[in-house]
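Hi there,

Here is the structure I promised to pass on. Have a look at it first, and then read on for what turned up.

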Amino acid sequence: QVQLVESGGGLVQPGGSLRLSCAASGSIFSIAAMGWYRQAPGGQRELVARITIGGNPDYADSVKERFTISRDNAKNTVYLQMNSLKPLDTAVYYCNARDIRLSWGATIGGAWGQGTQVTVSS
């Protein structure tokens with residue numbers, strides 16, 4: 001019903017920057033919240049940042065002042081600008097959409113993207 005596709009991951013040096021994008025497609029009327037989670041090898045999936053349809057963001061403490069989340073509601077797209085990257089930021093980053101209202105009136109709780117690898121290393 002709904003697909004989320006991430007892009008923008010890659011290999012960067014410590015202190016570098018990356019910009020992730022995630023576009024949701026399907027018969028979507030609105031998405032209440034969109035966000036980014038990450039999972040390091042052997043670790044649990046954790047929230048990085050999320051943003052509501054009204055533009056209110058939340059960030060994990062570990063990324064505050066370094067990452068910026070934004071979204072384009074008309075395009076059902078969410079972005080994550082990542083600056084001052086650290087090796088501990090290395091993970092697979094997953095896009096998430098929550099409380100998706102479909103064009104024909106139904107709602108679904110959430111959807112996940114396939115993930116994009118971010119590696120921070122010298």
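A definition to start with: two strands are said to pair if DSSP finds at least two bridges between them. Please keep in mind that this is a predicted model.

Strand 9 (residues 91-102) pairs with strand 11 in the antiparallel sense, over 3 bridges; here alanine 91 has valine 118 as its bridge partner. Strand 2 (residues 10-12) is also joined to strand 11 by 3 bridges, but these two run parallel.

Next, the aromatic rings. The count is 1 aromatic pair. Tyrosine 37 and tryptophan 112 form it edge-to-face, with 5.0 Å centre to centre and 65 degrees between the planes. Because tyrosine 37 lies in strand 4 (residues 28-39) and tryptophan 112 in strand 10 (residues 107-112), the pair ties together parts that are 75 residues apart in sequence. Tyrosine 37 counts as buried, at 17% relative accessibility, while tryptophan 112 counts as partly exposed, at 41%.

Tryptophan 112 comes up again with arginine 45, whose charged end sits over the tryptophan ring, 4.5 Å from its centre. Arginine 45 also lies over the face of tyrosine 94, at 3.7 Å from the ring centre.

How values were computed: Residues are numbered from 1 along each chain as its sequence is written. This is a predicted model: local features need pLDDT of at least 70, side-chain atom pairs count only at pLDDT 80 or more; totals for chains, interfaces and linings use all residues. Side-chain values use heavy atoms; hydrogens and water are left out. Helices (H or I, at least four residues) and strands (E, at least two) are DSSP runs, numbered from the N terminus. Rings of Phe, Tyr and Trp (its six-membered ring) pair if their centres lie within 6.5 Å; planes under 30 degrees apart count as stacked, over 60 as edge-to-face and the rest as tilted. Buried means under 20% relative accessible area, exposed over 50%, partly exposed in between (1.4 Å probe, protein chains only). A charge sits over a ring if NZ of Lys or CZ of Arg is within 6 Å of the ring centre and within 35 degrees of the ring normal.
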